[in-house]
Amino acid sequence: MSQTSQVRTYDPAASVVFLKTNERFGGLSNMAPGFPLRVNGVRIRTSEALYQACRFPHMPEVQQLIIGENSPMTAKMRSKPYRRVSRHDWDFVRVKIMRWCLRVKLAQNWREFGRLLLATGDRPIVEQSRKDDFWGAKVAEDGTLVGMNVLGRLLMELREQMKGDEAESLRFIEPLAISEFLLFGQPIEAVQAAPNAEIPGWPPRRPPQADAVQPPPSDPQPSLFEQPMIPNAEPSPVPSRPTLARNDESPKHLSDDRPSVHDWLGDLPSRWDVLRSKYLFREIDDRTDTGTETLLSMRQAHGLIPHAKVSTKPVTPEELKGYKRVRTGQMVLNRMQASNGMFAVAREDGLVSPDYAVFQPLRPMEPDYFVDLFKTTIYRARFRQESKGLGTGTSGFLRLYSDRFGAIHVPQPPEDEQRKIVQFTRAYDLRVRRLIRNKRRLIGLLNEQKQAIINRAVTRGLNPDAPMKPTGIDWMPEVPAHWEVKPLKHWLRERAKALGDKTSPEYEFDYLDISCVGTGFLTAKPERMKFEDAPSRARQIVQKGDTILSTVRTYLKAVYFIDKDWPDLIASTGFAVLRPIYRVEPRLLGYVLQSSTFIERVIRASIGVAYPAISEGRLGTLHVAFSPDLAEQKAILDHIATETAAFDKAIEKAQSEIALIREYRERLISDVVTGKLDVRHIEVAVPADEPNSEDDEAMEEDLEGDDADVMEGANADE
């Protein structure tokens, strides 16, 4: 929420307003292309990507992921999953960092960006925004623009400095005087404009001797920018990583690092080798002519496992002719999913898809070390950069071909250290999975209690003495006598509208797929994407008051009520979007549809074993009951809200903890396999209550989720 004292009101007619990058002053936006930057020798496409990367000085692999994106919007979205672990003082330094980014943009695009700034004259500069009144301003009912407009005010400040005596100092930009101002683990250096950069019609530069005067390290900021931009904000403490039992105090930060020859890889221990992967692995293309070997499928959690364990669909030997043979100990890459870390070591002989790549290690090694390495964000980003094919979005057919994989540099610790790293990561990973499993079980128990309250209220009402009547429905045997029982379709209005094929490729929206939805809550934030990059199922337009219910994989019990205005929200066609008639409170319909009795009826009515689904027509025939009295419906809603508030809070807390645990797990493993943390001297403690294989498999499912399953080159969007 914006601080009231800093809110401004602007007249659009008297201001320079920018919203889209293709407008006259669209170049003022951080999203604008055509203003490339170079910091520490690294080329960065936009000031937005630079700003987002500055969130994570402690996570160079995330910086690489952000900077590696072609689109500024995609770069921004790449940062979203990690924002909970932004630098601890982010709210206190973000405006300083934005000011520095704008100065870098000017210094390195002196002619184009400088001319654009000066063309605004003396008018207020305002970034119009649909949602953000901190960096920009939103349109009010009277047509004015209202917001803090921090970005616009920074641009006006920069414009006035260009016109005044400070102009020459803008050619040389010192790094900010803040802690951990780093890019890829290295201190950010000063940035300087080209010596011959001039703006037509602008006063010429001062004599060369003026350039020798160094500007101050950082300017004192006006009062607006010295304060945190959220009320009552305080720097949050830096969380510590979980530790295992050891014979010393802590994992050692390596003191024998050597500068890497590749900025994206970072510093590595001097005892490690660095080789192109073609000197570590040789591709093997051995095809079966019988198809009688065991077909193996690749899953994110389990690696390569027999196909029969994950699918009931029979596969004949005739269909498998031409598939690739793989031997125990060889590594397998899913070319289309390289950027998702889809590497695995074969634990048994078998067959894999012809679209996979099979590699034979060329020297003694611990293959699981390289699987862990290739799953880190820094390597996933590198694989995405090196992938080629049709399209660049989530629906494109990008592949990491063997020649590009072979050219990528890979660290090689000594073999005994590789084994030690794998022992550490496996033991740590086991503890994390157990912790997440227990958190999920807690969420399940809390949700069961919540659903019991909801189920009671929506099937029996609030009056325990009310006369009841039979319904003839097995899952809902009786309801209050004055309630109406009808098929679901009689309680619904028109179907949701859908995006057409002629939708603009640049149209951006938030996409809800099944992996985002639990029973009554979101398990993840929707992904922001453009229509041209969206999967083919991203079509259904959703609005406030709708309930979405998964009609595929119904055992997931994915049901969610849209309780707020959410512009540009699109749901997968795997959902039924249900909108009630005016005689039914929309939220009450949502509660009815997420009640355990109704969901179980949906599951029983679904068709299919491995991929159970229900048609919307069949769904509409299932009976539900409502009170004809809107006042009674609202009373039921008030009762549910009161009785389930504590459960909602506890569920939200547990979900947040799971997200943080996953982030820390990923970061710690990344630090270990890239040599940032030395684990050679750690005594790995194996848990006393080692789980059996079934428990371990359940933990894998809990951690990775159903959508982690990736089969034979499939690029499923559900």
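The questions and answers below concern a predicted model.

Reader: At what angle do helix H4 and helix H5 pack?
Author: The two helices, H4 with residues 90-108 and H5 with residues 110-118, have their axes 5 Å apart. On the H4 side Leu-102, Lys-105, Leu-106, Ala-107 and Gln-108 take part, and they meet Trp-110, Phe-113 and Gly-114 in H5. By class this contact has five nonpolar, two polar and one charged residues, and the angle at which H4 and H5 pack is about 115°.

Reader: How far apart in space are Arg-84 and Glu-663, C-alpha to C-alpha?
Author: Glu-663 is among the residues in contact with Arg-84. In sequence the two are 579 residues apart, whereas in space their C-alpha to C-alpha separation is 9.0 Å.

Reader: How many residues of helix H10 are buried?
Author: Helix H10 spans residues 367-374 and is mostly covered. The buried residues in H10 are Pro-367, Asp-368, Tyr-369, Phe-370, Val-371, Asp-372, Leu-373 and Phe-374, and for Phe-374 the relative accessible area is 0%. The count of buried residues in H10 is therefore eight of eight.

Reader: Why is the pair of Phe-343 and Phe-374 called tilted?
Author: The structure holds 24 aromatic pairs, and in this one the ring centres are 4.8 Å apart, with the planes at 50°. The pair links distant parts of the chain, with Phe-343 in strand S21 (residues 343-345) and Phe-374 in helix H10, 31 residues apart. Planes under 30 degrees apart would count as stacked and those over 60 as edge-to-face, so an angle of 50° makes the pair tilted.

Reader: Which parts of the chain does the pair of Phe-359 and Phe-405 tie together?
Author: The rings of Phe-359 and Phe-405 have their centres 5.0 Å apart and their planes at 45°. Phe-359 is buried at 5% relative accessibility, and Phe-405 is buried at 3%. Separated by 46 residues in sequence, the parts tied together are strand S23 (residues 356-361) and helix H12 (residues 402-406).

Reader: Which residue lies over the face of Tyr-582?
Author: Two charges over rings can be named here. Lys-486 lies over the face of Trp-491, 5.4 Å from the ring centre. For Tyr-582, the residue lying over the ring face, at 4.6 Å from the ring centre, is Arg-493.

Terms used. Residues numbered from 1 in each chain as written. Predicted model: local features only at pLDDT ≥ 70, side-chain atom pairs only at ≥ 80, totals over all residues. Heavy atoms only, no water. Axes fitted to C-alpha atoms, helices over the stretch in contact; angles between N-to-C directions. Helix = DSSP H or I, 4+ residues; strand = E, 2+ residues; numbered from the N terminus. Contact = heavy atoms within 4.5 Å. Nonpolar A, V, L, I, M, F, W, Y, C, P; charged D, E, K, R; others polar. Buried < 20%, exposed > 50% of the residue type's maximum accessible area, 1.4 Å probe, protein only. Phe/Tyr/Trp six-rings, centres within 6.5 Å; stacked < 30°, edge-to-face > 60°. Lys NZ or Arg CZ within 6 Å of the ring centre and 35° of its normal. Lists of a residue's contacts leave out its neighbours within four places in sequence.
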